[in-house]
Amino acid sequence: MAPFYKTGLFGEQISLLIAFFLGIGFGFWLERAGFGSSRVLAAQFYFRDMRVLKVMFSAIVTAMVGIVLFTIFGWLDISLIYINPTYLWPQIVGGLILGFGFIIGGYCPGTSVVGCSTGRIDGFFYIGGLMTGMLVFGEAYPLI
Amino acid sequence: MENKKYWDPYLSGIGLGLTLLLAFVLVGRGLGASGAVMRLTVWLTSLVSQAHVDANAYLAKYAGTGINPFKNWLVYEIVGVIVGGFLSGMFAGRLKFKTEHGPNISDKGRWGLAFLGGIMMGIGARLAYGCTSGQALTGGATLAVGSWAFMFSVFIGGYAMAYFVRKQWL
Amino acid sequence: MHEVVITSGRMIPHIDPQLAIWGWEIPLYLFLGGLVAGILFFSTYYFIRNKKDDYPAAVKKAPLLVVPLLVLGLFALFLDLEHKWYVWRFYTAIRFESPMSWGSWTLFFIIPLSMLWSLTWIHELYPGFSRPLPVLNGFAARLKFYRKHLAWSLLVFSVILGMYTGILLSAFNARPFWNSAILGPLFLTSGLSTGAASILLLSKSEAEKQLFRKIDITLIAVELFLIIHLFMGFLAGTQVHVDAALMFLGGPLTADFWIFVVALGLVVPLIIEIFESRGYKVSVKIPALLVLAGGLLLRFIIVDAGQSSRWLYKFFE
C-alpha cells in the first residue's frame, strides 16, 4: 500500500534516487509549461496570459483527484502523507511578501531553477537574491 | 506570441499534477524548491563560519556540526529539476543565455529587480514555511487550509504590486 | 580446532574488516592516470594514422596537458606513500604478478616519453618558445624525425596505463568490491572518455569535435554496458560480492552513484552529445565537463566502496 516509502518498500537511499527522477519530471513539465521564462510568469499578473493559473489549477486538481481516488480504492494511506501544517498568519503574511517578490523578481524559487538551467541570466540574479533573503531571515530568526 | 512554442497549459498542468501524485504515492510527500536553496545558503554560511551556524538554532538545524545539509530529499529533487529543465529546454531549442524583460527597462535594471524580488521571496518563503511549489502546489493538492490561504495571499500580493513594476514587463 | 589457511591480501594488518587508508590522493591519481592515458592514446593513434593536421587539438594540443597532469597525479601518489624516501625501491624489481610493479615501470617509461612528445608539439605550435634556450630548439628539431617511434611506444604504454589504473584495484582480492575483472576495462574506457572530453574542450574545428563527440558517445555506451555487467557479475557471485554490490543497490552509495556518476556523468552527456551530433547546437563544454566530473567521481566512489566492502569472516568472530 502506498505511500511506498513510508510503508517500508524501500529505504532512504532509494527515496533519494526517486527524488532525482521526480525532480526531472518536475523540471521538465515546468519548462514545457513555459515557467522557465519570467515574462510568461509575469504576464499572469497583467491578465495578458493566464497560463500560470491554468497550469497550477490543472496540476492541483489532477493530483487531488488522484489522491482522493487512490484513497477510496484503498491503495493510499492518506494518514501517512505529509500535509503542510497550518500557521495561518505567517502563511498569509509570508504569501503577501512572496507575491510582491514574485512580480518584482519575475520567478518563484522552483521556476527560477528552471530559468537558470535554460540560461536565463535574470534567474541567476534572482537566486542570488533568494539566498540573501533566506540568510537575512535565518539571521533574524533568533530575534523574533 | 512566443508562447506558441510551449505546450498546452492544461496538458503541462496534468503532467505536473501526475508527477506530484507520483511523489505522494511513492514517498508520501510533495515537491518543493525553497528548502534546497535554503540548504545551499546555510552550507555556504557554514563554510565561512561553522561556529556562527552552530550558534543559531534555526541555521544549525540545516548544517550544524556533523549534519550534511545536502543529504536531503529536496536537494536531490532540485538536482533533478535542473536536469529536467535543461533537457526540456534542449529538446525545444530554448537554451540560450539571455535576460528577459519588457522593452522599457535595461538588462541591468532587470537584474537589480530580480535580485530585490529574490530577497523578498526568500524572506516570504521562509516565513510561510515554503514557496509556490512546497506550499501552493503541494499543500493545495492535499487541501491544507494554510496552503490555500497562502495561495490567495500570493496572488493578492502579486496583483497589488504588479501596477508598480509594470515598466519591467510591459 | 580450526585450521585456517589464507593466502590473500587480507593477511596484511589493518585490512579487515574495513580499510580506511586511502583518502583523496589515490582516486585523484587514478583519474589523472586515466585521463593522461586517454589523451596520449588519441594523440598517438591519430598521429600514426597521419591525421595530425586534421585533428590538431587531439594530436598536438592535448598532449601539452599531459606533463602537468602527470606531475599533479604523481604528487598525489607520492603524498599517499607511507615511506616516501623508498620510492626508488619500485625500480629494483620487475614483478609481472604485481600491478604496482607494472604501474611503476609504465610510469617510468611514460614520463620521459610524454615529455619528448609534448616537446615536439610545443615546438611545432609555438616555435618561439625555446628562444632563450637554443639547445632545446635544435633538440626539438631533431626529435621530429623520431615522432613515429615515440607514437608507437606511447600508444602501447597509454593502453597499459589506462588498464593498470583499474587492475591496481581489482588485483587486490581482499576487497570484494574491487575484485572484479571488469574494473580494468571500465577504467580504461572511462579514461579514454575523459580524454575525448578534454579534446572536445580544446578543439576549435567542427569536424574534429564531431569525431570526438561520436567517439565519446560510443565510449559512454560501452561504459554503461560495463557498469551493468559489473553489477551482474557481483550479484551472481558469492555472498560477499552480493553484499558489496548492495552498497549501490539500496545501500549508502546508491543515490550518489546512480545520480552523479551514472545519470549526470554518463547518461546526460550521452543525450546531449547525441543531440549535438545530429546537428543541434547545445553546448560542447557542458557534456565534456560532466564527463570529466563523472570520471573523477567514479574513481572516488569505487575507491571508497572497495574500502568499505568486506568479507564475512565468521571464523574469527
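Student: Which residues touch the most other members of the largest nonpolar core?

Tutor: Phe20(A), Leu20(B) and Ile259(C) do, in a core of 189 residues. A nonpolar core is a set of buried Ala, Val, Leu, Ile, Met, Phe, Trp, Tyr and Cys residues joined through C-beta atoms within 7 Å. Buried means 20 or more other C-beta atoms lie within 10 Å of the residue's own, with C-beta atoms placed from the backbone. This is a predicted model: local features need pLDDT of at least 70, side-chain atom pairs count only at pLDDT 80 or more, and totals for chains, interfaces and linings use all residues. Residues are numbered from 1 along each chain as its sequence is written, while chains are lettered from A and ligands numbered from 1 in the order in which they are written.

Student: Okay, which helix gives the most to this core?

Tutor: Helix H1 of chain C, residues 25–48, with 15 residues. Helices here are DSSP runs (H or I, at least four residues), numbered from the N terminus.

Student: How many helices does chain C have?

Tutor: Eleven, and zero strands (E runs of at least two residues).

Student: New topic: how do H8(C) and H9(C) pack?

Tutor: Their axes, lines fitted to C-alpha atoms over the stretch in contact, are 7 Å apart at about 140 degrees. Angles run from 0 to 180 degrees between N-to-C directions.

Key. Buried ≥ 20, exposed ≤ 12 C-beta atoms within 10 Å, placed from the backbone.
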